[in-house]
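Student: Could you walk me through this structure, please? I am new to it.

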Amino acid sequence: MATGQPARVLSISAGRETTHEVERRRLERIGDPCVMVIFGAAGDLTKRKLLPALGNLANDRLLPKRFAVVGVARGRMSHSEFRDRMRDSLQEFAAPPLDPEVADWLLARLYLTPGNFEDPGLYRRLQATLAQIDQDYGTDGNYLYYLATPPSYFAEIALQLGAAGLLTEEDARWRRVVVEKPFGHDLESARALSRQLTSVADERQIFRIDHYLGKETVQNIMAFRFGNGIFEPIWNRRYVDHVQITVAETMGIEGRGGYYEEAGALRDMVQNHMFQLLALTAMEPPISFEANAVRDERVKVLHAIAPLSPEDVLTETVRGQYGAGTVEGTEVGAYRSEPRVAPDSHTETYAALRLFVGNWRWADVPFYLRTGKRLPRRLSEIAIQFKRAPFTLFRETPMEQLQPNLLLLRIQPDEGISLRFEAKVPGPSVRLGTVRMDFNYTDYFGVTPSTGYETLLYDAILGDSTLFHRADMVEAGWKVVVPVLDVWRALPPRQFPNYASNTWGPKEADDLIERDGRRWRNPK
Ligand code: BG6
């Protein structure tokens with residue numbers, strides 16, 4: 001439900017607890033009996049993420065007992081072929097150890113309805129299948145539709161579901177649609193998609209998923225900021241020098257040339273995942289943890305981002321595309337040599353931006369964002385760089401040697417939080433050295449946090465939309481990136497590829513931050 005949601009806050013008292021115990025206490029609620037219908041069931045997302053996440057939820061006893069899954073896929077596949085395929089997916093991608101009984105329980109309730117998404121006949125067959133499942137499993141007519149298809153089908157499927165009456169909520173039963181990204185490819189198409197979706201479903205029935213919001217460490221940004229009293233007073237322009245948000249990947253585009261050519265780094269990562277990291281870092285405390293209260297504050301940050309004029313785009317943004325290089329001893333090709341990529345492609349695989357959040361808390365504090373493929377490390381982090389101490393007492397230690405405090409929110413891998421500060425190096429003379437206070441999820445809680453889909457599927461079944469995008473958020477994101485895309489399109493890049501694989505991106509990105517007297521953190 002979009003309103004009246006109870007708090008989904010993780011509260012941990014002192015002492016060590018296993019993730020399992022913590023999760024248990026947080027996740028006491030189990031959703032209503034329901035059927036999850038996955039459109040695009042033969043695709044990669046279903047295999048790598050959705051089914052394994054359902055397996056993990058089942059393993060933790062977090063799925064309703066009366067539950068079933070219907071896959072919808074083009075082409076011909078039988079129930080048993082589908083189950084075999086999903087058995088492999090559970091073995092390969094679910095978190096071990098997956099209880100074999102649990103896997104069997106889940107696999108036994110998987111069904112497949114083959115068909116073309118444009119064919120109204122498919123929806124009639126689906127309706128009949130769902131009615132039968134309701135009878136067999138007691139799923140009460142509650143359906144969660146997950147659109148794991150190419151985006152060009154989102155509206156079509158929703159409209160067809162609407163026309164078949166499969167989105168109608170009557171009595172106590174609910175119908176929800178989970179939409180994968182990208183939500184449009186610019187402002188207009190995002191608005192058009194929202195209009196189409198809301199012509200057949202209420203906004204509160206629509207769950208726009210961003211798997212970054214399901215990551216434990218991303219949710220922890222809110223817990224860290226608002227569950228502690230000591231950070232908020234310094235979380236502003238008086239104390240913060242700048243913020244760096246990095247989402248670096250070592251992999252290339254993994255055979256997704258067709259999609260990526262249309263998307264590029266700005267649409268693929270910045271407009272959604274990175275803007276959510278920015279929003280959680282910069283938002284004001286919400287008045288409650290009710291879904292819309294939290295989302296209201298997140299969207300305000302996006303509205304507050306100072307719009308970039310065409311001139312600003314030239315100075316405040318940098319794009320890059322990877323060339324060939326050596327990654328972990330292996331030669332990898334350039335982006336332009338990837339399958340289904342044009343040999344003269346202008347698509348960016350790297351983007352860096354300097355943005356300002358125009359409000360009282362953040363005026364004049366630069367937020368440097370960067371993301372790229374084929375960088376030297378897989379690393380997502382938010383670095384809050386504080387201002388230097390105003391005066392140095394330690395005359396022997398040149399001021400430039402004193403490192404300003406740095407708070408590092410490590411999203412992945414090596415999930416945790418660390419604080420860098422100066423300490424006295426032992427010895428008779430006064431010398432300062434930089435040290436780190438470290439919190440590491442795995443050390444403390446014993447288990448590596450989940451990938452994100454578990455939490456989001458669990459929430460969607462419960463109807464909690466706190467961690468999903470709202471239409472206005474999507475539009476606010478597009479408003480920031482569309483002017484950049486317009487200038488980039490009008491002025492094709494002249495020097496692509498402009499960074500070699502396994503390097504930290506184009507030189508212009510270093511210039512972007514170094515002209516302010518700052519540097520990217522490029523950890524080894
Ligand atoms: C997806 C992007 O949304 O996120 C991919 O489409 C990207 O290009 C992926 O690789 C990164 O997700 P994660 O969870 O591996 O950081």
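Tutor: We shall take the confidence of the model, then its domains, its ligand and a few backbone details. This is a predicted model, in which local features need pLDDT of at least 70 and side-chain atom pairs count only at pLDDT 80 or more, while totals for chains, interfaces and linings use all residues. Residues are numbered from 1 along each chain as its sequence is written, and side-chain values use heavy atoms, with hydrogens and water left out.

Student: What pLDDT does the chain average?

Tutor: The average is 89, and 92% of the residues score at least 70. Here pLDDT is the predictor's confidence in each residue, from 0 to 100.

Student: Where does pLDDT stay under 50?

Tutor: Over residues 1-20, for which the model has 46 contacts beyond four places in sequence; a contact means heavy atoms within 4.5 Å. Where pLDDT is low, the predicted coordinates should not be read in detail.

Student: Which domains does the assignment give?

Tutor: Domain 1 covers 19-180, and domain 2 covers 214-392 + 470-514. These bounds come from an automatic or database domain assignment. Taken over C-alpha atoms, the centres of domain 1 and domain 2 are 32 Å apart.

Student: Now the ligand. How many residues surround it?

Tutor: There are 13, and the closest are Tyr212, Lys215, Glu249, Arg256 and Asp268.

Student: What distance separates a polar side-chain atom of Glu249 from an oxygen atom of the ligand?

Tutor: That distance is 2.5 Å. For Gln412, a polar side-chain atom lies 2.6 Å from a ligand oxygen atom, and for His273 the distance from a side-chain N or O atom to a ligand oxygen atom is 2.7 Å.

Student: And the backbone: which residues does a cis peptide bond join?

Tutor: One joins Lys181 and Pro182, with omega about 0 degrees, and Pro182 is in the loop between β5 (175-179) and α7 (187-200). The bond from Phe496 to Pro497 is also cis, with omega near -10 degrees.

Notes
Near = heavy atom within 4 Å. Polar contact = N/O pair within 3.5 Å; in protein donor to acceptor, adjacent residues only side chain to side chain. Helix = DSSP H or I, 4+ residues; strand = E, 2+ residues; numbered from the N terminus.
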